Amino acid sequence: MVFLTEQNILLSDLLQSALDVHNNDSLSIGELMNRIAERGFGLLFVILSLPMLFPLLPPGSAATIGFIYLLI
């Protein structure tokens, strides 16, 4: 038998539960960050890497994103 604790719940399930609670209401970024807590690092890395998918970025943008990764 597997018990679901806070660490066993998937990040996608946490995000879905946050959206379910706020059906038509606005959901603040602060509340979202409180829900995902330290699990948000992976999501942050994915969000930061999305601009690198576009081949026509200004020069230096890859270095900027890399520097942000280094800071994290």
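The following paragraphs go through a predicted model of a single chain, from its overall form to individual residues. Local features in this predicted model need pLDDT of at least 70 and side-chain atom pairs count only at pLDDT 80 or more, while totals for chains, interfaces and linings use all residues. Residues are numbered from 1 along each chain as its sequence is written, and side-chain values use heavy atoms, with hydrogens and water left out.

The chain holds 4 helices and 0 strands, where helices (H or I, at least four residues) and strands (E, at least two) are DSSP runs numbered from the N terminus. Read from the N terminus on, the elements therefore follow the order α-α-α-α. The C-alpha atoms occupy a box of roughly 50 × 35 × 20 Å along the principal axes. The radius of gyration of the chain is 16 Å, whereas a compact globule of 72 residues would have a value near 11 Å; this radius is taken over C-alpha atoms, and the globule rule is 2.2 Å times the number of residues to the power 0.38.

Of the 72 residues, 11% are buried, a class that means under 20% relative accessible area, with exposed set at over 50% and partly exposed in between (1.4 Å probe, protein chains only). Among contacts (heavy atoms within 4.5 Å) between residues at least 6 apart in sequence, 42% join residues at least 24 apart.

Leu-10 lies in the segment before α1 (11-21) and is exposed, with a relative accessible area of 53%; its C-alpha atom is separated by 14 Å from that of Phe-41, 31 residues apart along the chain. Ser-17, within helix α1, is partly exposed at 27% relative accessible area, and 36 Å separate its C-alpha atom from that of Ala-63, 46 residues apart along the chain. Ile-36 belongs to helix α2 (residues 29-36) and touches Leu-11, Leu-14, Leu-15 and Leu-43, when residues up to four places away in sequence are not counted. Ile-36 is classed as buried because its relative accessible area is 3%. Ser-61 is 25 residues from Ile-36 in sequence, and the two are 28 Å apart, C-alpha to C-alpha.

Further along, UniProt lists residues 43-71 as "transmembrane region" in an unreviewed entry; its positions are given in the numbering used here, feature names are shortened, and annotations may be inferred rather than shown by experiment. Over residues 43-71 the model is 62% helix and 0% strand, and the end C-alpha atoms are 16 Å apart.

A nonpolar surface patch of about 660 Å² is formed by Val-46, Ile-47, Leu-50, Met-52, Leu-53, Phe-54 and Leu-57. Patches are made of residues with over 30% relative accessible area and no salt bridge, like charges being joined within 9 Å and nonpolar side chains (Val, Leu, Ile, Met, Phe, Trp, Tyr) within 5 Å; a salt bridge is a side-chain nitrogen of Lys or Arg within 4 Å of a carboxyl oxygen of Asp or Glu. Leu-50 sits in the loop between α3 (40-49) and α4 (61-71), and is partly exposed at 43% relative accessible area. Leu-57 is also placed in the loop between α3 and α4, is partly exposed at 32%, and touches Pro-51 and Met-52, not counting residues up to four places away in sequence.

Key:
Accessible areas come from the Shrake-Rupley method with a 1.4 Å probe; for residues, only the protein chains shown count as cover.
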